[in-house]
Amino acid sequence: MGHLFTAGHTACAGCGQAIAARLVIDACGPNTIVANNTGCLEVFSTRYPESAWEVPWIHSLFENAAAVASGIEAALIYLGKKEAINVIAQAGDGGTADIGLQALSGMWERGADILSVCYDNEAYENTGIQRSGLTPYGTNTTTSPPGTKSIGNIRPKKPMPEIAVAHGIPYVATASVGFPQDLQRKVKKAISIKGPKYLQIHVPCPLGWRHESALTFEVGKLAIETGLYPLIEYEFGVLISQRKITPRPVEEYLKVQGRFKHLVNNPEQLKLIQAIADNNIEKYNLRAEKQSS
Amino acid sequence: MREFLEGSRVVAEIVKLCKPGVISAYPITPQTHIVEELAQFVANGELNAQFINVESEHSAASVVLGAVATGVRAYTATSSQGLFYMAEVLFNIAGLRLPLILTCANRAISAPINIWNDQQDSVSLRDSGWVQFYAENIQEVADFHLIGYRLAEDKAMMLPVMVCMDGYTLTHGIETVDMPTQEQVDKFLPAYKPLYKLDPQEPITMGHLADPDYYMETRFALQRTLEDALDLIPKITLEFSKVFGRNYNGLIEEYRLKDAERVIVAMGSVCGTIKEVVDELRAKGKKVGLLKITAYRPFPYQEIYGALKDIPKVGVLDRALSLGASAPLAAETKAVFFGKKKKPQVISSFIAGLGGRDITKDAIKEIFRLLTTKERMTEFIDLKPELLRESY
């Protein structure tokens, strides 16, 4: 079978989001309807008269995919077709954690049988790399530039997985385009569970992160292996899995990206970012057991 | 069957007869009674629909958008700030060519916050691509919902329809209404058969990005479709009258215009008051009349021209403003006559009934009295001068 997200779209070379979108929809299969918020993915996949989507797909606005998906779900229930069809509401990090959070929270609270996917490239890349609520601490974006009085983005990432868990929804996970099998396993698991599901996928953006476009997978993996982006999985509020790592220093991840270039020679800031990773490693118990010889 | 019912109850009963599969609701006064009644119908099993309580009007509109896109008839209602919060979605629904019915229980706009009736909310959304019907009474409210679904879902239209009913006056007022039977409604309004829908059996993409090579034609198509609706609406209302026995042209209603010298143009429930005043003044030999605008969008230029071209003095009564410019209905009524040979000597503009201030019979008489050869520009009726002091 061919891919359900096909070639010919206009994403940048090395776009993590395009790779992740294909992995997600292929894992869901053809009996899926997608509601997509405004963002890079929408723009580069559905420029009229073309479309990369081989499944029914709708874009309405920046912030309402979760509510549109609710309407799709309700219509499918009315038609007696919900059991056979998956509904996905997907968005970037801004469309999920900022402008789309209200609709998303409402949908989760209503217990809709919908998988929400957040393609987290950690800024408003589509409009030219502006800071979002999921932009990491220290990042240089066009609206959080470093200067004599600023080190860049001064806030940590909004804890979206925890916010999702707090809604009492049955399945919450993070994934990375750097670990495609793990990503697809989580998508399949999510759609096997009835109710709201949240999957947040870390997707490197060569344009916005300013790394070589050939390094998408490596950069994605480094985020996980440093502990800066924990791969975790909650079922019914309980942490059921985490990708174990042998932590690498955060500097290895930061130094390959232009968005952190201003911090690489700043030991004080490196220490603060290392502390974020260390906290994740502790909090989610990410450290791999030492091999017993 | 004739029944004595509250306006909101009537809307709910009519919507039930139209058999929507999805209803979304978010509370706002004075719309709330409508969705409360519908919630009870669903809870009682009298209406087989998915009733979705959302977290905002933005999502209320988005839910019905998603439902219609999936091929299911849907319904929602709102008022005032709720309509404004939906505004982004409402433009989008029209652009996506999705047939929907929304009831707007007309209410003033904040600030200052005010829950009472005027028409600033829906009038402000006149450019959204929705058809807008304004009802004079609860019977019209009932009938315009039926006509609205039929019109919206017509294959030549595929556009949403907003039925505007004055808050409290019509939502909470009680009138004797001729309620249709299910058989009548089924005969007039067949099950919704979408032209396009989200269906894995036949996957389509909806809501493309349209660049400058394509965008303008989609807007052109919307404009032409709404203009063409001026022909389609009277055809549908003719079919309506065959089934239900009530006659509308769906665009305007002329009330005692023959030989009239002074005429008020208005929309909504105030037209009932104006008719009473017209009757009283006619009984005294005064040559007065009313032109009721039923369809504000599409705007019936030709019909208005035909109705007013021989009337010497016309006064347009707006219950909304376009702050800093001519009132909306007045400006558009004047535009009807630009460059025409036959036209009123004067078209004056009056503002009344904002934020729920009663438009009394005396206020209507005052407007008729002010209809002289002197043109009045956005003249406010029943202002309280004692509240207009420069300082407090």
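Reply: Two residues are in contact if their C-beta atoms, placed from the backbone, lie within 7 Å. Please keep in mind that this is a predicted model.

Me: Which strand of chain B pairs with β2(A)?

Reply: The partner of β2(A) is strand β9 (residues 205–206) of chain B; the two run in the parallel sense and are joined over 2 bridges. Within this pairing, Trp57(A) has Thr205(B) as its bridge partner.

Me: In what order do the strands of the open sheet in chain B stand?

Reply: The order of the 6 strands is β10-β12-β11-β14-β15-β16 (chain B), and their pairing is mixed. The edges are β10 (252–255) and β16 (379–380) of chain B; each has a single partner strand, so one side of each is left without a neighbour in the sheet. For β16(B), the pairing is with strand β15 (residues 346–351) of chain B, in the parallel sense over 2 bridges. There, Ile351(B) has Phe380(B) as its bridge partner.

Me: Which strands does helix α9 of chain B touch?

Reply: Helix α9 (residues 270–283) of chain B packs on the sheet and touches β10, β11 (262–266), β12 (288–293) and β14 (313–318) of chain B. The direction of α9 makes about 165° with that of β12(B). Helix α11 (residues 328–336) of chain B lies across β11, β12, β14 and β15 of chain B, at about 145° to β14(B).

Me: Is Val270(B) buried or exposed?

Reply: The general idea is a count: a residue is buried if 20 or more other C-beta atoms lie within 10 Å of its own. Val270(B) has 26 other C-beta atoms within 10 Å and is therefore buried. This residue belongs to helix α9 of chain B. Leaving aside residues up to four places away in sequence, Val270(B) touches Leu317(B), Gly353(B) and Ile359(B).

Me: How far apart are Val270(B) and Ser110(B) in sequence and in space?

Reply: They are 160 residues apart in sequence and 22 Å apart in space, C-alpha to C-alpha.

Key:
Residues are numbered from 1 along each chain as its sequence is written. Chains are lettered from A and ligands numbered from 1 in the order in which they are written. This is a predicted model: local features need pLDDT of at least 70, side-chain atom pairs count only at pLDDT 80 or more; totals for chains, interfaces and linings use all residues. Two strands pair if DSSP finds at least two bridges between them. Helices (H or I, at least four residues) and strands (E, at least two) are DSSP runs, numbered from the N terminus. Axes are lines fitted to C-alpha atoms, for helices over the stretch in contact, and angles run from 0 to 180 degrees between N-to-C directions. A residue is buried if 20 or more other C-beta atoms lie within 10 Å of its own, exposed if 12 or fewer, and partly exposed in between; C-beta atoms are placed from the backbone.
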